[in-house]
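Please consult the sequence and the structure shown below while reading.

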Amino acid sequence: MKTAVLLIASCFFLLFVLTTFVPFPGAIQEAHAAGFDSSDIANGLQLTFERRFFFWGATLLELGLLCFLALTGWSRRWADRFLAWPHLGRIYAVLAIGLVYLALHEVLFVPLGVARWYHARAWGMSNLDLADWFRERYLAYGINLIGEVIVVVGFYALLILLPRVWWLIAPLGLSALGIAYAFLAPIWINPLFNTFTPLEETQWRHQQPRVQDLIDKAKVPVQEILVMNASRQSNHTNAYFTGFGPTRRIVLYDTLLKNHTDAEIESILGHELGHWQLDHINKGILLGTLAALLGCFVLDRCLLAAIGRAPWHLHSIADPAGLPLVMLLIFLGSWITMPVTNAVTRYFERQADTASLELAGQTEAFIAAELKLAKVNKSNVAPAPWNVWLFSSHPPTVERIRMAREWKP
Ligand SMILES: [Zn+2]
(Lines give C-alpha, C1' and ligand atoms only; values in the text may rest on other atoms or scores of the structure.)
Protein backbone atom coordinates (compact mmCIF):
# COMPACT_ATOMS: atom_id res chain seq x y z
CA MET A 1 0.00 0.00 0.00
CA LYS A 2 2.82 2.39 0.94
CA THR A 3 4.46 1.78 -2.45
CA ALA A 4 1.20 2.56 -4.27
CA VAL A 5 0.75 5.83 -2.35
CA LEU A 6 4.39 6.82 -2.96
CA LEU A 7 4.03 6.06 -6.66
CA ILE A 8 0.82 8.12 -6.97
CA ALA A 9 2.35 11.01 -4.97
CA SER A 10 5.51 11.01 -7.15
CA CYS A 11 3.45 11.07 -10.37
CA PHE A 12 1.44 14.05 -9.13
CA PHE A 13 4.58 15.85 -7.92
CA LEU A 14 6.27 15.42 -11.31
CA LEU A 15 3.15 16.71 -13.08
CA PHE A 16 3.05 19.72 -10.71
CA VAL A 17 6.68 20.60 -11.49
CA LEU A 18 6.25 20.04 -15.25
CA THR A 19 3.02 22.05 -15.60
CA THR A 20 4.02 24.91 -13.26
CA PHE A 21 7.74 25.57 -13.66
CA VAL A 22 8.97 24.26 -17.01
CA PRO A 23 8.87 27.10 -19.59
CA PHE A 24 8.34 26.73 -23.33
CA PRO A 25 9.85 29.78 -25.09
CA GLY A 26 8.64 28.69 -28.55
CA ALA A 27 5.05 29.44 -27.54
CA ILE A 28 5.94 33.08 -26.74
CA GLN A 29 7.31 33.65 -30.25
CA GLU A 30 4.16 32.15 -31.75
CA ALA A 31 1.95 34.40 -29.60
CA HIS A 32 3.87 37.46 -30.85
CA ALA A 33 3.41 36.29 -34.43
CA ALA A 34 -0.35 35.86 -33.85
CA GLY A 35 -0.70 39.53 -32.83
CA PHE A 36 -0.27 39.64 -29.04
CA ASP A 37 2.05 42.17 -27.42
CA SER A 38 4.54 41.41 -24.65
CA SER A 39 2.29 42.61 -21.84
CA ASP A 40 -0.67 40.41 -22.95
CA ILE A 41 1.64 37.41 -23.05
CA ALA A 42 3.32 38.19 -19.71
CA ASN A 43 -0.05 38.84 -17.98
CA GLY A 44 -1.55 35.56 -19.18
CA LEU A 45 1.54 33.57 -18.20
CA GLN A 46 1.72 35.17 -14.73
CA LEU A 47 -1.99 34.67 -13.97
CA THR A 48 -1.85 31.03 -15.09
CA PHE A 49 1.33 30.48 -13.03
CA GLU A 50 -0.36 31.85 -9.89
CA ARG A 51 -3.57 29.91 -10.52
CA ARG A 52 -1.59 26.67 -10.85
CA PHE A 53 -0.77 26.84 -7.11
CA PHE A 54 -4.49 26.95 -6.26
CA PHE A 55 -5.18 24.15 -8.68
CA TRP A 56 -2.40 21.91 -7.39
CA GLY A 57 -3.19 22.86 -3.79
CA ALA A 58 -6.77 21.68 -4.36
CA THR A 59 -5.53 18.50 -6.06
CA LEU A 60 -3.19 17.76 -3.15
CA LEU A 61 -5.96 18.31 -0.56
CA GLU A 62 -8.44 16.12 -2.46
CA LEU A 63 -5.92 13.34 -3.05
CA GLY A 64 -4.71 13.48 0.58
CA LEU A 65 -8.26 13.34 1.94
CA LEU A 66 -9.28 10.45 -0.34
CA CYS A 67 -6.09 8.47 0.39
CA PHE A 68 -6.63 8.98 4.13
CA LEU A 69 -10.25 7.79 3.95
CA ALA A 70 -9.70 4.99 1.43
CA LEU A 71 -6.33 3.49 2.36
CA THR A 72 -5.98 3.65 6.14
CA GLY A 73 -8.73 1.35 7.36
CA TRP A 74 -10.72 4.42 8.44
CA SER A 75 -13.68 3.52 6.21
CA ARG A 76 -13.87 -0.05 7.62
CA ARG A 77 -14.05 1.25 11.21
CA TRP A 78 -16.65 3.93 10.41
CA ALA A 79 -18.77 1.64 8.23
CA ASP A 80 -18.88 -0.92 11.06
CA ARG A 81 -19.86 1.82 13.50
CA PHE A 82 -22.72 3.02 11.25
CA LEU A 83 -23.84 -0.52 10.39
CA ALA A 84 -24.00 -1.39 14.11
CA TRP A 85 -26.77 1.15 14.61
CA PRO A 86 -30.14 -0.60 14.71
CA HIS A 87 -32.24 -0.25 11.53
CA LEU A 88 -29.44 1.50 9.67
CA GLY A 89 -29.24 -0.30 6.33
CA ARG A 90 -26.31 -0.18 3.92
CA ILE A 91 -27.72 2.74 1.94
CA TYR A 92 -27.95 4.93 5.07
CA ALA A 93 -24.48 3.88 6.16
CA VAL A 94 -23.12 4.90 2.74
CA LEU A 95 -24.88 8.26 3.02
CA ALA A 96 -23.43 8.76 6.52
CA ILE A 97 -19.88 8.05 5.25
CA GLY A 98 -20.53 10.41 2.34
CA LEU A 99 -21.61 13.16 4.76
CA VAL A 100 -18.45 12.74 6.86
CA TYR A 101 -16.41 13.08 3.66
CA LEU A 102 -18.33 16.23 2.63
CA ALA A 103 -17.85 17.81 6.09
CA LEU A 104 -14.08 17.16 6.06
CA HIS A 105 -13.90 18.37 2.45
CA GLU A 106 -15.62 21.63 3.36
CA VAL A 107 -13.27 22.31 6.29
CA LEU A 108 -10.29 21.92 3.96
CA PHE A 109 -11.67 23.71 0.90
CA VAL A 110 -13.41 26.82 2.29
CA PRO A 111 -10.10 28.58 3.18
CA LEU A 112 -8.70 27.68 -0.25
CA GLY A 113 -11.87 29.00 -1.93
CA VAL A 114 -11.66 32.30 -0.04
CA ALA A 115 -7.98 32.65 -1.02
CA ARG A 116 -8.97 32.00 -4.65
CA TRP A 117 -11.65 34.68 -4.42
CA TYR A 118 -9.12 37.22 -3.03
CA HIS A 119 -6.73 36.36 -5.81
CA ALA A 120 -9.42 36.80 -8.48
CA ARG A 121 -10.38 40.19 -6.98
CA ALA A 122 -6.75 41.29 -6.95
CA TRP A 123 -6.51 40.50 -10.67
CA GLY A 124 -9.80 42.27 -11.42
CA MET A 125 -11.31 38.91 -12.42
CA SER A 126 -14.26 38.92 -9.98
CA ASN A 127 -17.05 41.43 -9.35
CA LEU A 128 -18.55 39.49 -6.42
CA ASP A 129 -18.12 40.62 -2.82
CA LEU A 130 -17.36 37.96 -0.25
CA ALA A 131 -20.99 37.66 0.94
CA ASP A 132 -22.18 37.07 -2.64
CA TRP A 133 -19.36 34.61 -3.20
CA PHE A 134 -20.46 32.59 -0.15
CA ARG A 135 -24.11 32.78 -1.22
CA GLU A 136 -23.27 31.39 -4.69
CA ARG A 137 -20.97 28.76 -3.23
CA TYR A 138 -23.61 27.33 -0.90
CA LEU A 139 -26.34 27.54 -3.51
CA ALA A 140 -24.15 25.45 -5.83
CA TYR A 141 -23.25 23.21 -2.88
CA GLY A 142 -26.94 22.50 -2.14
CA ILE A 143 -27.65 21.68 -5.80
CA ASN A 144 -24.61 19.40 -6.02
CA LEU A 145 -25.64 17.68 -2.79
CA ILE A 146 -29.01 16.72 -4.30
CA GLY A 147 -27.22 15.30 -7.35
CA GLU A 148 -24.66 13.46 -5.22
CA VAL A 149 -27.32 11.84 -3.01
CA ILE A 150 -29.20 10.63 -6.12
CA VAL A 151 -26.01 9.19 -7.65
CA VAL A 152 -24.77 7.50 -4.44
CA VAL A 153 -28.16 6.00 -3.53
CA GLY A 154 -28.73 4.81 -7.13
CA PHE A 155 -25.20 3.39 -7.34
CA TYR A 156 -25.39 1.42 -4.08
CA ALA A 157 -28.96 0.25 -4.78
CA LEU A 158 -27.62 -1.24 -8.05
CA LEU A 159 -24.64 -2.84 -6.27
CA ILE A 160 -26.98 -4.41 -3.69
CA LEU A 161 -29.70 -5.56 -6.10
CA LEU A 162 -27.66 -6.50 -9.20
CA PRO A 163 -24.11 -7.24 -8.01
CA ARG A 164 -23.13 -9.17 -11.17
CA VAL A 165 -24.37 -6.84 -13.89
CA TRP A 166 -24.47 -3.44 -12.16
CA TRP A 167 -21.58 -2.15 -14.28
CA LEU A 168 -23.60 -2.73 -17.48
CA ILE A 169 -26.61 -0.79 -16.16
CA ALA A 170 -24.92 2.05 -14.22
CA PRO A 171 -23.59 3.82 -17.37
CA LEU A 172 -27.16 3.96 -18.76
CA GLY A 173 -28.38 5.40 -15.45
CA LEU A 174 -25.57 7.97 -15.52
CA SER A 175 -26.47 9.02 -19.08
CA ALA A 176 -30.13 9.32 -18.09
CA LEU A 177 -29.06 11.59 -15.21
CA GLY A 178 -26.77 13.53 -17.57
CA ILE A 179 -29.66 14.07 -20.00
CA ALA A 180 -32.00 15.10 -17.17
CA TYR A 181 -29.36 17.56 -15.93
CA ALA A 182 -28.74 18.97 -19.43
CA PHE A 183 -32.50 19.38 -19.86
CA LEU A 184 -33.14 21.00 -16.47
CA ALA A 185 -30.00 23.12 -15.95
CA PRO A 186 -31.00 25.96 -18.31
CA ILE A 187 -34.52 26.27 -16.90
CA TRP A 188 -34.12 25.42 -13.20
CA ILE A 189 -30.50 25.77 -12.14
CA ASN A 190 -28.81 28.52 -14.18
CA PRO A 191 -31.59 31.09 -13.44
CA LEU A 192 -30.76 30.75 -9.71
CA PHE A 193 -27.41 32.44 -10.41
CA ASN A 194 -28.15 34.85 -13.28
CA THR A 195 -30.94 36.44 -15.25
CA PHE A 196 -31.45 35.37 -18.87
CA THR A 197 -33.20 37.79 -21.23
CA PRO A 198 -34.19 37.10 -24.86
CA LEU A 199 -31.86 39.05 -27.16
CA GLU A 200 -34.77 40.97 -28.73
CA GLU A 201 -35.68 42.43 -25.31
CA THR A 202 -32.20 43.81 -24.61
CA GLN A 203 -30.32 46.93 -25.71
CA TRP A 204 -28.65 44.70 -28.35
CA ARG A 205 -31.93 43.96 -30.13
CA HIS A 206 -30.56 45.57 -33.33
CA GLN A 207 -28.46 42.39 -33.65
CA GLN A 208 -31.59 40.27 -34.05
CA PRO A 209 -31.94 40.39 -37.90
CA ARG A 210 -28.25 39.49 -38.43
CA VAL A 211 -28.56 36.73 -35.85
CA GLN A 212 -31.70 35.39 -37.54
CA ASP A 213 -29.92 35.33 -40.93
CA LEU A 214 -27.11 33.31 -39.41
CA ILE A 215 -29.54 30.85 -37.77
CA ASP A 216 -31.39 30.39 -41.08
CA LYS A 217 -28.09 29.70 -42.80
CA ALA A 218 -27.11 27.15 -40.12
CA LYS A 219 -30.49 25.38 -40.52
CA VAL A 220 -30.81 24.58 -36.80
CA PRO A 221 -34.07 24.95 -34.87
CA VAL A 222 -32.94 27.65 -32.42
CA GLN A 223 -35.81 28.75 -30.23
CA GLU A 224 -33.93 31.09 -27.98
CA ILE A 225 -30.88 33.28 -27.92
CA LEU A 226 -30.54 34.62 -24.42
CA VAL A 227 -28.37 37.31 -22.90
CA MET A 228 -26.96 36.49 -19.46
CA ASN A 229 -26.02 39.21 -16.96
CA ALA A 230 -22.55 37.69 -16.52
CA SER A 231 -21.12 41.10 -15.55
CA ARG A 232 -22.62 40.47 -12.09
CA GLN A 233 -19.90 37.87 -11.42
CA SER A 234 -16.97 39.12 -13.50
CA ASN A 235 -15.84 40.85 -16.69
CA HIS A 236 -15.14 37.47 -18.27
CA THR A 237 -16.58 37.27 -21.80
CA ASN A 238 -18.04 34.11 -23.27
CA ALA A 239 -20.89 32.44 -25.11
CA TYR A 240 -22.16 28.88 -24.84
CA PHE A 241 -24.64 26.40 -26.22
CA THR A 242 -26.65 24.44 -23.65
CA GLY A 243 -29.79 22.40 -22.95
CA PHE A 244 -31.31 19.21 -24.29
CA GLY A 245 -34.24 18.77 -26.69
CA PRO A 246 -36.76 21.57 -26.17
CA THR A 247 -34.55 23.44 -23.67
CA ARG A 248 -31.65 23.90 -26.15
CA ARG A 249 -30.51 27.50 -26.36
CA ILE A 250 -27.55 29.75 -27.06
CA VAL A 251 -26.41 32.06 -24.29
CA LEU A 252 -24.37 35.21 -24.89
CA TYR A 253 -22.71 37.02 -21.97
CA ASP A 254 -23.63 40.71 -21.67
CA THR A 255 -19.89 41.36 -21.30
CA LEU A 256 -19.40 39.84 -24.76
CA LEU A 257 -22.05 42.06 -26.34
CA LYS A 258 -20.56 45.16 -24.68
CA ASN A 259 -17.00 44.47 -25.85
CA HIS A 260 -17.33 43.12 -29.38
CA THR A 261 -18.31 44.52 -32.79
CA ASP A 262 -21.34 43.16 -34.65
CA ALA A 263 -19.16 41.10 -37.00
CA GLU A 264 -17.20 39.61 -34.08
CA ILE A 265 -20.42 38.63 -32.30
CA GLU A 266 -21.60 36.99 -35.50
CA SER A 267 -18.40 34.97 -35.64
CA ILE A 268 -18.76 33.86 -32.00
CA LEU A 269 -22.43 33.00 -32.52
CA GLY A 270 -21.40 31.03 -35.63
CA HIS A 271 -19.14 28.92 -33.41
CA GLU A 272 -22.02 28.11 -31.01
CA LEU A 273 -24.33 27.31 -33.94
CA GLY A 274 -21.58 25.02 -35.21
CA HIS A 275 -21.77 22.98 -31.97
CA TRP A 276 -25.51 22.72 -32.55
CA GLN A 277 -25.24 21.75 -36.23
CA LEU A 278 -22.68 19.08 -35.41
CA ASP A 279 -24.77 17.66 -32.56
CA HIS A 280 -21.93 17.92 -30.05
CA ILE A 281 -24.13 17.58 -26.94
CA ASN A 282 -25.55 14.21 -28.05
CA LYS A 283 -22.15 12.99 -29.25
CA GLY A 284 -20.66 14.04 -25.90
CA ILE A 285 -23.32 12.09 -23.97
CA LEU A 286 -22.74 9.00 -26.15
CA LEU A 287 -18.95 9.12 -25.67
CA GLY A 288 -19.46 9.73 -21.94
CA THR A 289 -21.66 6.60 -21.71
CA LEU A 290 -19.01 4.46 -23.44
CA ALA A 291 -16.31 5.86 -21.14
CA ALA A 292 -18.54 5.19 -18.10
CA LEU A 293 -19.02 1.58 -19.25
CA LEU A 294 -15.27 1.03 -19.31
CA GLY A 295 -14.87 2.89 -15.99
CA CYS A 296 -17.61 0.86 -14.25
CA PHE A 297 -16.10 -2.41 -15.48
CA VAL A 298 -12.69 -1.48 -14.01
CA LEU A 299 -14.39 -0.32 -10.79
CA ASP A 300 -16.20 -3.67 -10.53
CA ARG A 301 -12.89 -5.57 -10.82
CA CYS A 302 -11.26 -3.33 -8.17
CA LEU A 303 -14.16 -3.73 -5.70
CA LEU A 304 -14.09 -7.53 -6.16
CA ALA A 305 -10.35 -7.48 -5.47
CA ALA A 306 -10.91 -5.48 -2.24
CA ILE A 307 -13.28 -8.10 -0.76
CA GLY A 308 -11.66 -9.56 2.36
CA ARG A 309 -8.39 -7.76 1.68
CA ALA A 310 -6.68 -5.20 3.97
CA PRO A 311 -7.18 -2.33 4.60
CA TRP A 312 -10.77 -2.45 3.28
CA HIS A 313 -11.92 -5.93 4.34
CA LEU A 314 -15.06 -5.46 2.21
CA HIS A 315 -17.82 -8.04 2.86
CA SER A 316 -19.15 -7.58 -0.70
CA ILE A 317 -18.88 -5.00 -3.50
CA ALA A 318 -21.91 -3.24 -1.96
CA ASP A 319 -20.16 -2.80 1.42
CA PRO A 320 -20.46 0.88 2.50
CA ALA A 321 -16.80 0.76 3.59
CA GLY A 322 -15.89 0.75 -0.13
CA LEU A 323 -17.26 4.25 -0.81
CA PRO A 324 -13.97 6.15 -0.23
CA LEU A 325 -12.15 3.60 -2.41
CA VAL A 326 -14.75 4.13 -5.17
CA MET A 327 -14.22 7.90 -4.90
CA LEU A 328 -10.42 7.57 -4.97
CA LEU A 329 -10.60 5.34 -8.06
CA ILE A 330 -12.94 7.78 -9.83
CA PHE A 331 -10.56 10.65 -8.96
CA LEU A 332 -7.52 8.78 -10.33
CA GLY A 333 -9.52 7.57 -13.35
CA SER A 334 -10.57 11.10 -14.25
CA TRP A 335 -6.89 12.16 -14.16
CA ILE A 336 -5.81 9.25 -16.35
CA THR A 337 -8.54 9.98 -18.92
CA MET A 338 -8.19 13.79 -18.80
CA PRO A 339 -5.86 13.99 -21.87
CA VAL A 340 -8.32 11.91 -23.92
CA THR A 341 -11.40 13.85 -22.76
CA ASN A 342 -9.68 17.15 -23.54
CA ALA A 343 -8.46 15.88 -26.94
CA VAL A 344 -12.09 15.08 -27.83
CA THR A 345 -13.41 18.47 -26.70
CA ARG A 346 -10.57 20.26 -28.57
CA TYR A 347 -11.57 18.31 -31.67
CA PHE A 348 -15.20 19.44 -31.23
CA GLU A 349 -14.04 23.04 -30.72
CA ARG A 350 -11.96 22.96 -33.91
CA GLN A 351 -14.99 21.66 -35.79
CA ALA A 352 -17.14 24.48 -34.36
CA ASP A 353 -14.48 27.03 -35.38
CA THR A 354 -14.55 25.74 -38.96
CA ALA A 355 -18.36 25.85 -38.92
CA SER A 356 -18.21 29.47 -37.73
CA LEU A 357 -15.91 30.47 -40.59
CA GLU A 358 -18.17 28.70 -43.08
CA LEU A 359 -21.34 30.29 -41.66
CA ALA A 360 -20.21 33.84 -40.96
CA GLY A 361 -17.49 33.80 -43.62
CA GLN A 362 -15.47 36.54 -41.94
CA THR A 363 -11.89 35.56 -41.22
CA GLU A 364 -10.85 39.01 -39.98
CA ALA A 365 -13.74 39.24 -37.51
CA PHE A 366 -12.97 35.72 -36.26
CA ILE A 367 -9.33 36.66 -35.60
CA ALA A 368 -10.28 40.00 -34.00
CA ALA A 369 -12.75 38.22 -31.72
CA GLU A 370 -10.14 35.65 -30.67
CA LEU A 371 -7.58 38.37 -29.90
CA LYS A 372 -10.09 40.38 -27.88
CA LEU A 373 -11.46 37.35 -25.96
CA ALA A 374 -7.94 36.34 -24.93
CA LYS A 375 -6.98 39.88 -23.87
CA VAL A 376 -10.13 40.59 -21.83
CA ASN A 377 -10.03 37.17 -20.14
CA LYS A 378 -6.26 37.47 -19.50
CA SER A 379 -5.90 34.03 -21.09
CA ASN A 380 -2.56 32.32 -21.31
CA VAL A 381 -1.77 32.75 -25.01
CA ALA A 382 1.62 31.03 -24.77
CA PRO A 383 0.85 27.71 -23.07
CA ALA A 384 3.39 24.88 -23.14
CA PRO A 385 2.22 22.01 -25.39
CA TRP A 386 2.15 19.52 -22.49
CA ASN A 387 -0.20 21.82 -20.56
CA VAL A 388 -2.51 22.02 -23.57
CA TRP A 389 -2.37 18.25 -23.95
CA LEU A 390 -3.28 17.71 -20.29
CA PHE A 391 -5.59 20.58 -19.33
CA SER A 392 -7.04 22.44 -22.34
CA SER A 393 -10.63 21.82 -23.33
CA HIS A 394 -10.20 24.36 -26.17
CA PRO A 395 -7.40 24.72 -28.72
CA PRO A 396 -4.94 27.50 -27.78
CA THR A 397 -5.89 30.94 -29.14
CA VAL A 398 -2.76 31.03 -31.31
CA GLU A 399 -3.77 27.77 -33.00
CA ARG A 400 -7.31 29.07 -33.61
CA ILE A 401 -5.96 32.25 -35.19
CA ARG A 402 -3.54 30.26 -37.36
CA MET A 403 -6.39 27.98 -38.46
CA ALA A 404 -8.50 31.03 -39.45
CA ARG A 405 -5.60 32.55 -41.43
CA GLU A 406 -5.12 29.32 -43.32
CA TRP A 407 -8.84 28.77 -43.88
CA LYS A 408 -10.08 28.84 -47.49
CA PRO A 409 -13.82 29.18 -48.19
ZN1 LIG B 1 -17.13 25.95 -28.31
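## Cavity, sheet and helix pair

The lining of the largest cavity comprises five nonpolar, two polar and one charged residues; here Ala, Val, Leu, Ile, Met, Phe, Trp, Tyr, Cys and Pro count as nonpolar, Asp, Glu, Lys and Arg as charged, and the others, Gly among them, as polar. The model is predicted, so to speak of local features requires pLDDT of at least 70 and side-chain atom pairs count only at pLDDT 80 or more, while totals for chains, interfaces and linings use all residues. Residues are numbered from 1 along each chain as its sequence is written, and side-chain values use heavy atoms, with hydrogens and water left out.

A cavity is a set of points, on a 1 Å grid over the protein atoms alone, where a 1.4 Å probe fits but cannot get out, and lining residues have an atom within 4 Å of a point. The largest cavity holds about 30 Å³ of space, a volume being the space filled by probe spheres set on the points. Its lining consists of Pro186, Asn190, Phe196, Leu226, Tyr240, Thr242, Arg249 and Val251. Strand 3 and strand 4 are the elements that give two or more residues to this lining.

Both strands belong to an open sheet of four strands, ordered 1-2-4-3 with mixed pairing. Strands (E, at least two residues) and helices (H or I, at least four) are DSSP runs numbered from the N terminus, and two strands pair if DSSP finds at least two bridges between them. Strand 1 (196-198) and strand 3 (239-242) stand at the edges with a single partner strand each, so one side of each lacks a neighbour in the sheet. Strand 3 and strand 4 (residues 249-253) pair in the antiparallel sense over four bridges, including those tabulated here.

| Residue | Bridge partner in strand 4 |
|---|---|
| Tyr240 | Val251 |
| Phe241 | Ile250 |

The hairpin of these two strands has six residues between the strands, and Gly243 there takes a positive phi near 95 degrees.

Elsewhere, the axes of helix 3 (residues 38-71) and helix 5 (residues 90-122) come within 11 Å and cross at roughly 175 degrees. Axes are lines fitted to C-alpha atoms, for helices over the stretch in contact, and angles run from 0 to 180 degrees between N-to-C directions. Helix 3 and helix 5 are therefore roughly antiparallel, a term for angles over 145 degrees.

How values were computed: On a 1 Å grid over the protein atoms alone, a cavity is a set of points where a 1.4 Å probe fits but cannot get out, and a pocket is an open set with protein on both sides within 12 Å along at least five of seven lines; lining residues have an atom within 4 Å of a point. Angles under 35 degrees count as roughly parallel, over 145 as roughly antiparallel, 65 to 115 as roughly perpendicular and the rest as oblique.
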